[in-house]
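This report covers a helix pair and a ligand site. The sequence and the structure come first.

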Amino acid sequence: MAGSDILVIGGGIAGLSAAAELSKSARVTVLEAEEQIGFHSSGRSATMVHYALGDRLVRALTLSSRPFFEDPPEGFTDVPLGHQMPVLVYARDDEAQALNALDAEISLFAELERLDAQGVHELCPLLRDDAHHGIADRNGIRLDPHALLQGNLRQLRRQGSELRTAARVRSIERRASAWEVTTEAGETYAAPILVNAAGSWADQVARLAGVAPVGLEPKRRTIITFDAPAGTALDRLPFAKTVGDELYFAPESGRLFASPMDEEPSEPCDAQPDELEVALAAHRVEERTIVKVDRIHSRWAGLRTFTRDRRPAVGFADDAEGFFWLAGQGGFGLQTSPAMARIAASLILGKPWPVADGTPGELSPGRFLGQPA
Ligand SMILES: Cc1cc2nc3c(=O)[nH]c(=O)nc-3n(C[C@H](O)[C@H](O)[C@H](O)COP(=O)(O)OP(=O)(O)OC[C@H]3O[C@@H](n4cnc5c(N)ncnc54)[C@H](O)[C@@H]3O)c2cc1C
């Protein structure tokens, strides 16, 4: 049986970033079911750092994470973790009030420019004429998720911790003062602390351990890629989003990508795009922009997994010693990962709260105890 100080279940961004942070002071083993890291949600995202989603706490966690992306720790990566991409949230006249409300919320976290119709079209010439209002954050970041995942992996290995892939956890038992975890391949690992960073599967992992689930809701989101009109200056386009949750699009590897911002409830699974959502994505692109989607080049789907209040569940379970939750990162798991990793490590190691905003209680998984899962 292999022993360490901390076992982490899940080799997505949540598990790897927490493991990299924890491995500064503990021996950590990460167990990932798939043969590669980031195979599920972390490898399928829109990879933005922006403030147009989530509530105050999510925005604060995003703000706390930015310096890490802009200036990663020494030796973390040989390539930039992302590049600057402006974020434009736009509105028709009938949506202007919603834009005002969002402006007031985001302004607490980012320097925003208010744009009139001319400004909106200068920043994004692909929008239809009815996009009369906009707010722009010129400092948005488009992340490189591969660099982020690999950087965390490199850091945890350098600090003497390890990742086991093709290690799907099948059973979990608390014996004496340690969690004993057995994989489908029959290997057994033990540690006094178990971190549940299993993304959409985190409630299932909790059940395996006899811990009450927090009631996670995985929701599928679809993305398509397609050609931009000939002559489009792709490198100058922003990440452009309707003020309501209707459509976003941005440049992607010489083409455009778009999502109809679907939130279809799903079981935890290898999410596949649904044809109706693919068609809806193309329809909304044509409805809100001047782009004609003649051919869909590629499509994919991933799960965004939410708690009931859409804030992550981070902290020790109240009903099981040494069982730590790191789940419910919804649509913001990449952009909040540095702050979340520091929070997880400080709660596990008994250190002071490491970020400017938020409290342990706001993230505590105990807030769902006693509620029906
Ligand atoms: C379309 C889309 C767009 C998004 N856009 C953004 C964005 O712009 N910005 C942003 O910050 N976030 C975005 N997100 C959200 C972000 O991708 C997620 O919040 C984040 O990836 C969640 O990370 P995770 O590590 O919790 O989950 P995952 O990456 O799913 O990792 C969980 C891992 O646990 C493993 N696992 C599960 N069960 C077991 C088991 N029994 N044993 C061992 N391993 C197990 C799984 O194999 C998986 O690899 C988007 C997501 C989607 C789908």
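## The α1–α5 contact

Where α1 meets α5, the α1 side consists of I13, L16, S17, A19 and A20, and the α5 side of L148, L149, N152, Q155 and L156; contact means heavy atoms within 4.5 Å. By type, the residues of this contact are 7 nonpolar, 3 polar and no charged. Here Ala, Val, Leu, Ile, Met, Phe, Trp, Tyr, Cys and Pro count as nonpolar, Asp, Glu, Lys and Arg as charged, and the others, Gly among them, as polar.

Helix α5 spans residues 145-158, and its axis runs 8 Å from that of α1 at an angle of about 35°. Axes are lines fitted to C-alpha atoms over the stretch in contact, with angles from 0 to 180 degrees between N-to-C directions. Helices (H or I, at least four residues) and strands (E, at least two) are DSSP runs, numbered from the N terminus.

## Basis of the model

The model is predicted: local features need pLDDT of at least 70, side-chain atom pairs count only at pLDDT 80 or more, and totals for chains, interfaces and linings use all residues. Residues are numbered from 1 along each chain as its sequence is written, and side-chain values use heavy atoms, without hydrogens and water.

## The ligand site

The ligand has 38 residues around it, of which E32, S42, V169, G330 and Q335 come nearest; a residue counts as near if one of its heavy atoms lies within 4 Å. The shell holds 17 nonpolar, 15 polar and 6 charged residues. β20 gives the most to this shell, with 3 residues.
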